[in-house]
Amino acid sequence: MADDDAAPAQDPAPGRSPHRGRADGDGDSPRGAEVGPAVGDRRRARPYDAAGVARAVRDLLTAVGEDPDREGLRETPERVARSLAESFSGLHQDPAEVVQTFFDIEHQEMVLVRDIEVYSMCEHHLLPFHGVAHVGYIPDAHGRVTGLSKLARLVDVYAKRPQVQERLTTEVADALVHLLGARGVIVVVEAEHLCMSMRGVRKPGSRTVTSAVRGMMRQGPTRVEAMSLINRH
């Protein structure tokens, strides 16, 4: 929820699953079992054009009334180009290449990583939003898990793109269903948006919370357990 005048996130069409794999918690969910559209890029990203970004930044400085040739700004276009290459690096990463390590340990219980730092860029104003993500899942029927760091890396892939928080939350959840065949997934993101804090309504300190819940995590007791672990201090 990056903008007070943005349209609300839309639910999937009735009868259509927004992800791959079984989401009802009944039976196994083999990797690659397709029920909905593939998880991946919303669009095929063009190659990053650092020189083009630098030119655009120089034009922007001129348009706002600055002199891009003065000493303090002379190297700013190139600095911004290097910075944005990192901030938008997720456009050029495949989530499937991040979640490649699996362990068959017959673990049938919840796995949850809390307080994964999130830094992303609001696509409406190109201003940052930052906070934490909590990511949990119930492995497939064979108890296959992935490395804990892979959950944090998966969040980074989707965060390092022009984003809205609602979509970021959903994309991480759907990727876990698709890539792990997880029988249940919960993703909760809490973030402060600078487009609300430093401009517009100017409400610093306000935090937006979004969640995406899939499969067995939708069951009452399991969902309560997950939220109690997320909210534990």
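Predicted model: local features only at pLDDT ≥ 70, side-chain atom pairs only at ≥ 80, totals over all residues.
## A buried arginine and its surroundings

R183 is buried yet has no salt bridge; the nearest side chain of opposite charge, D140, is 6.3 Å away. A salt bridge here needs a side-chain nitrogen of Lys or Arg within 4 Å of a carboxyl oxygen of Asp or Glu. The 6.3 Å between R183 and D140 is the distance to keep in mind.

Where does R183 sit? Look in the loop between α5 (165-180) and β6 (184-193). What does the side chain of R183 touch there? One partner is Q108: the two side chains make a polar contact of 2.6 Å. Another is P139. Its backbone oxygen lies 2.7 Å from a polar atom of the R183 side chain. So R183 has polar partners on record here, Q108 by its side chain and P139 by its backbone, but no salt bridge.

Now turn to D140. Which residue does D140 pair with in a salt bridge? The partner is R144, with the closest N and O atoms 3.8 Å apart. Both R144 and D140 are buried. R183 is buried without a salt bridge. R144 is buried too, and R144 does form one, with D140.

The general idea is simple. Side chains of opposite charge can pair when their charged atoms come close. How many salt bridges does the model hold? The count comes to seven. Two others among them deserve a look. R70 and E66 meet through their side chains, at 2.9 Å from N to O. Next comes E75, which forms a salt bridge with R79. The closest N and O atoms of E75 and R79 are 3.6 Å apart. E75 has 49% relative accessibility, so it counts as partly exposed. R79 has 43%, so it is partly exposed too. Recall that R144 and D140, in contrast, are buried.

Follow the chain to the helices. Helix α1 covers residues 50-63. Helix α2 covers residues 76-87. How do α1 and α2 pack? Their angle is about 130°, and their axes are 8 Å apart. The two helices are therefore oblique to each other. The crossing of α1 and α2 is right-handed.

A81 is buried because its relative accessible area is 4%, and buried means under 20%. A81 and A51 are 30 residues apart in sequence, and their C-alpha atoms are 7.5 Å apart in space.

Helix α4 (residues 148-159) and α5 pack at an angle of about 130°, with their axes 10 Å apart. That angle makes α4 oblique to α5. α4 passes α5 in a right-handed crossing.

Stay with α5 for a moment. Q165 is found in this helix. Is Q165 buried or exposed? Q165 counts as buried because its relative accessibility is 0%. Its side chain has a polar partner: a contact of 3.1 Å joins the side chains of Q165 and T210.

Loops can hold buried residues as well. V99 is in the loop between α3 (95-98) and β1 (102-104). V99 is buried, with a relative accessible area of 2%. What separates V99 from G147? Along the chain, 48 residues do.

Two other loop residues give a contrast. E106 lies in the loop between β1 and β2 (111-122). E106 is exposed because its relative accessible area is 65%, and exposed means over 50%. L126 is found in the loop between β2 and β3 (128-138). L126 is exposed too, with a relative accessible area of 54%. Look at the backbone as well. Phi of E106 is near 55°, a positive value in a residue other than glycine. Phi of L126 is near 50°, again positive in a residue other than glycine.

Definitions and conventions
Residues numbered from 1 in each chain as written. Heavy atoms only, no water. Helix = DSSP H or I, 4+ residues; strand = E, 2+ residues; numbered from the N terminus. Buried < 20%, exposed > 50% of the residue type's maximum accessible area, 1.4 Å probe, protein only. Lys, Arg positive; Asp, Glu negative; His and termini not counted. Polar contact = N/O pair within 3.5 Å; in protein donor to acceptor, adjacent residues only side chain to side chain. Axes fitted to C-alpha atoms, helices over the stretch in contact; angles between N-to-C directions. Parallel < 35°, antiparallel > 145°, perpendicular 65-115°, else oblique. Left-handed = near helix turned anticlockwise from the far one by under 90°.
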